[in-house]
Amino acid sequence: QVQLVESGGGLVQPGGSLNLSCTTSGLTFNAYNYIMRWSREAPGKAREEVATIGSIDGSTTYLDSVKGRFTISRDKGKNTVYLQMNSLKPEDAAVYYCNTIGRLNMPYWGQGTQVIVSS
């Protein structure tokens, strides 16, 4: 059974930082190149794919608006994905979800973690 559990969200002032974690179970990062994704959804806005990383090859992609501010990484030994978010802006406020597609084309999503950027 695959589970993804996000943590690390919270309230931060503009310009501040947060580090999100996605702890997985049922996935072995070294066995298959899962494309691990961080997506976000804010009220009244379309869901956005913020960043992705290959679990084996470590290749990354970023949404243009977060390039240079956010960094996605993974720990293959812990089967965990991180999203370091710096220089946060009010428009970054959203629920952030960790997600991936499994080997049998099955989508897996976490429950989300809320990020609030406000002074």
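Strands S4 and S9 run antiparallel and are joined by 5 bridges. The model is predicted. In this pairing, Arg 40 has Tyr 96 of S9 as its bridge partner. Strand S4 spans residues 35-41. S4 also pairs with strand S5, residues 48-54, again in the antiparallel sense and over 6 bridges. Here Arg 37 stands opposite Thr 52 of S5. The hairpin of S4 and S5 has 6 residues between the strands. Within this hairpin, Gly 44 adopts a positive phi near 80°.

The contact of S1 with S3 is antiparallel and comprises 5 bridges. Leu 4 stands opposite Thr 24 in S3. Strands of a sheet pair through backbone hydrogen bonds, either parallel or antiparallel.

The structure holds 1 disulfide. The bond joins Cys 22 to Cys 98, with an S to S distance of 2.1 Å. Cys 22 has a relative accessible area of 0% and is buried. Cys 98 is also buried, with a relative accessible area of 0%. The cut-off for a buried residue is under 20% relative accessible area.

Charged side chains provide further links. Side chains of opposite charge can pair when their charged atoms come close. The count comes to 6 salt bridges. One of these is formed by Glu 49 and Arg 37, at 2.9 Å from N to O. Glu 49 is partly exposed, with a relative accessible area of 41%.

Asp 92 takes part in a salt bridge with Arg 40, at 3.0 Å from N to O. This pair links distant parts of the chain. Arg 40 sits in strand S4, while Asp 92 sits in the loop between strand S8 (80-85) and S9, 52 residues apart. Arg 40 is buried, with a relative accessible area of 5%. Asp 92 counts as buried at 1% relative accessibility.

The side chain of Asp 92 also meets that of Arg 69 in a salt bridge, at 2.7 Å from N to O. This pair, too, links distant parts of the chain. Arg 69 is located in the loop between strand S6 (60-62) and strand S7 (70-75), and Asp 92 in the loop between S8 and S9, 23 residues apart. Both Arg 69 and Asp 92 are buried. A network of salt bridges links Arg 40, Glu 48, Arg 69 and Asp 92.

Technical notes:
Residues numbered from 1 in each chain as written. Predicted model: local features only at pLDDT ≥ 70, side-chain atom pairs only at ≥ 80, totals over all residues. Heavy atoms only, no water. Disulfide = S-S within 2.5 Å. Buried < 20%, exposed > 50% of the residue type's maximum accessible area, 1.4 Å probe, protein only. Pairing = 2+ DSSP bridges. Helix = DSSP H or I, 4+ residues; strand = E, 2+ residues; numbered from the N terminus. Salt bridge = Lys/Arg side-chain N within 4 Å of Asp/Glu carboxyl O.
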